[in-house]
Amino acid sequence: MAYSSGTVTTAAGLVSAIQAFATINGWTVAGDYISKGDVYVHLWAESADEIRIQGARGGTWTAPDICDRYAKLFFAAGYSWPASATYYLFYSGTPDTLWCTLNWDVVRWMHIGFGMLSKLGTWTGGQWFFATGCMRFGGNHLPGHQYSIQEHIDGSFQSYWGGGESPALPFWSNCSGKNSFVECALRGHIWEATGALNDAGDGNTIHCPTVITPTQKRSPNALNAQTILTPFDLYLRDTDGYYMAIGRPEHIRFVRLVNYNPGDTLTIGSDAWRVYPAYVLDATQPDGRWTGSGGPPSTGNLGIAVRYDP
Amino acid sequence: MSDFSAGTATGYLDLLGKLVTFLSSTLTPSGERWTVLRYTGVDSITSSSYRTDYEDWMAIKGPYAMHSGGSWRTAVGSHANCWLALHLVTALDVRRITITGPATTTMAPKDFSLDYSADGVSWTTLQSWTGQTFTASQVREFAVTATSPGAQSYWRLYITSNNGHVDTTSITTIGLPVWQTTADFDHARLASAWLKAPGLTGTDPAYINIACYSRPSSDYYNWAITGGSGFVEAYNFDNQPGCVAALGLPLWNSSIPYWFAADGQHLAVSVRIDGAGFAAWAGKMLPFATPSQYPYPLVIAAPFATALGEKYSSSNGDLPYRGNTGRLKLRKLDGTWAQPWTWPWWQDPSNYSSSKLFKDTGGDYPLLPITLYDANNLFGILQNVRYVPGFNQAIQNMIEVGSEDWIVFNYGSLSGMEDWYAQRYV
């Protein structure tokens, strides 16, 4: 079974659902640790309002193999885990990818994912993990501090301070936090992450949106009103300033939800994809909006498509 | 499914012949082979003698090879018993010829014959004319009333005497017109091909036309490439339906290593000329749209934005895949032609100054799809060619991607970070 859905009422309940789904699809689950092949993640309910995810090279949960940061799906001060939320779980192999989308209050969405990249080249590593909300491990996070929805659709820096809400797309660079991580030894590091500026000035990060700006920005097409499912192609900036194309998470795509509703299934040849908003769909603000702009925060029509094989 | 061919042509005319053979005869699968709507013209023009600046090739006119004002003149004192011979790439049953006389009427042919040959060595006279005169630059047509010998590859105009000039005999233009329903079509031109790709379903064709053009005295020997939406026998080259004004691929008339990649809807060509690299692409791209939404996404790309009368070393040439120039044209839905941007060369036109330059990934060279787009559309990608980083790159590097082999080329003699591309080889 490569797809499952249900409802949960707690963070721990969602962790349990993911663990059960992973087991069915051939992953090894040992306590809060989930692994398959070269993918090792630690997924746990840190509190009633927060799930965290973290990776480790080779399943060694100590430095230097452990990622020194984690991503999280959480409800910060002023918010709490919803009384009932619907989850959608997806698994695809070649390479292994497990994805979870959570929906509550009808219009709100969050996501967790992990797996192995489709790598370009023969570099060592490739496992990745992501969660909608993010923070530095052991960093200066304060409840209610800004965690941003990021929108780099045209290469310019613009963030959406969501207060306690902290939605973001995978590998969509953040203002202060990091939400996506890749085990990648190309530069001598072990774990690379999306970075602060997502531009040439940030020499320590994996880049996605600005490098492939045109493919994100031009959708949907004027010629046929079709939105393009755009791979999250990842680029690592080397210390000499040049960029290395390293690969992509194979079974997810960036999508603009124009002419589509959350949860719609798109069929392209033999492939099927389910589409969901990044956080909150707002057709009137295509590129999203932050609270300080005078309206409720949203992620516009930015969204995610997940390979769907029921 | 794509097929590939590589080898060495003897020159720009031979290269076209090899491409036509590949597309129409050896391309696999056979269901994707192209139809040769018309492949005609000459691959050699010879004469008994000629003067400098009045070479025999000047008697052939055609699109982009007009040689305006030029004419063939025999060498001094060789004005009698002189000849001008054409070797056609496709045998032709000649029933009419046209001769444009020189400005000096005494140089015009007076007594002459039309000869044919199967081998260019043994000639047979088909018909003779005597006592012919021309006014200055007059175009005269001569009907061939003799019994047809059938289609022949070699034709010769053998001139016994002219109209009194004691120095030279001259012809401004020789023509081999054939009536095509509504108009004449002249086969006296440099080798040219009108091709129809069947499309991947066999019912969605693409029309591509390629014509050789040259001017030996200016040392250029090129291809003009265009594409349109149909083929009309009576029409010439880039006035075929829906055609874009031809782009130019600079070549030369010497040994040309070449690499072809093609399927039932496109072709990609890479060549090496005098140690420099050149590329062209023609056919339907892979659009981000269904066939009903974007039925004819035709692309024509070549280093010269027009069929320039310049040689391969011209500074007007560039790698066509860079996009946002007249060197890459895309047929839009309404039949007009656009000059799309291409990613990753143009990462964002509004923010080009901060475009990212790519390098190898730990010693591997990822091949990035060449994606065509504009301000409001993401059109699609070009098949069998890819962007490849120029970082520590070398010409004809081979890159293995699964079962595919790709070969790396630069443009011209450039070696910058973004002067490279890869074309699929196997």
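Buried, here, means under 20% relative accessible area. By that cut-off, 61% of the 310 residues of chain A count as buried.

This is a predicted model. So, confidence first. The predictor gives the complex an ipTM of 0.86 and a pTM of 0.91. Chain B has a mean pLDDT of 94. In that chain, 97% of residues reach 70 or more.

Take the contacts in chain A with a separation of 6 or more: 55% of them join residues 24 or more positions apart. The accessible surface of chain A is about 10,500 Å². Carbon and sulfur atoms own 51% of that surface.

Now the cores. Which residues touch the most other members of the largest nonpolar core? They are B:Trp223, B:Tyr321 and B:Leu382, out of 126 residues. Helix α1 of chain B, residues 12-26, supplies the largest share of this core, with eight residues. There is also a second, separate core, of 40 residues. Among its members are A:Phe21, A:Leu73, A:Ala85 and A:Cys100.

Let me stay with B:Leu382 for a moment. Leave out neighbours within four places in sequence. Then B:Leu382 is in contact with B:Trp281, B:Met285, B:Val299, B:Tyr321, B:Leu328, B:Ile370 and B:Leu372. Note B:Tyr321 in that list. B:Tyr321 is named with B:Leu382 among the residues touching the most other core members.

Next, B:Ile99. Find B:Ile99 in strand β6 of chain B, residues 96-100. Is B:Ile99 buried or exposed? B:Ile99 is buried, because its relative accessible area is 0%, and the cut-off is under 20%. What does B:Ile99 touch, beyond residues up to four places away in sequence? The list includes three phenylalanines: B:Phe112, B:Phe134 and B:Phe142. B:Gln138, B:Val139 and B:Arg140 are on the list too. One distance to check on screen: the C-alpha atoms of B:Ile99 and B:Glu141 are separated by 6.5 Å. Along the chain, those two are 42 residues apart.

Last stop, the surface. B:Met398, B:Tyr425 and B:Val426 form a nonpolar patch there. Together they have about 250 Å² of accessible area. B:Tyr425 lies in the segment after β32 of chain B, the strand at 420-424. How does B:Tyr425 count, at 33% relative accessibility? B:Tyr425 counts as partly exposed, because 33% falls between the 20% and 50% cut-offs.

Note on methods. Residues are numbered from 1 along each chain as its sequence is written. Chains are lettered from A and ligands numbered from 1 in the order in which they are written. This is a predicted model: local features need pLDDT of at least 70, side-chain atom pairs count only at pLDDT 80 or more; totals for chains, interfaces and linings use all residues. Side-chain values use heavy atoms; hydrogens and water are left out. Patches are made of residues with over 30% relative accessible area and no salt bridge: like charges are joined within 9 Å, nonpolar side chains (Val, Leu, Ile, Met, Phe, Trp, Tyr) within 5 Å. Accessible areas come from the Shrake-Rupley method with a 1.4 Å probe; for residues, only the protein chains shown count as cover. A salt bridge is a side-chain nitrogen of Lys or Arg within 4 Å of a carboxyl oxygen of Asp or Glu. Helices (H or I, at least four residues) and strands (E, at least two) are DSSP runs, numbered from the N terminus. Buried means under 20% relative accessible area, exposed over 50%, partly exposed in between (1.4 Å probe, protein chains only). A nonpolar core is a set of buried Ala, Val, Leu, Ile, Met, Phe, Trp, Tyr and Cys residues joined through side-chain atoms within 4.5 Å. Contact means heavy atoms within 4.5 Å. pLDDT is the predictor's confidence in each residue, from 0 to 100.
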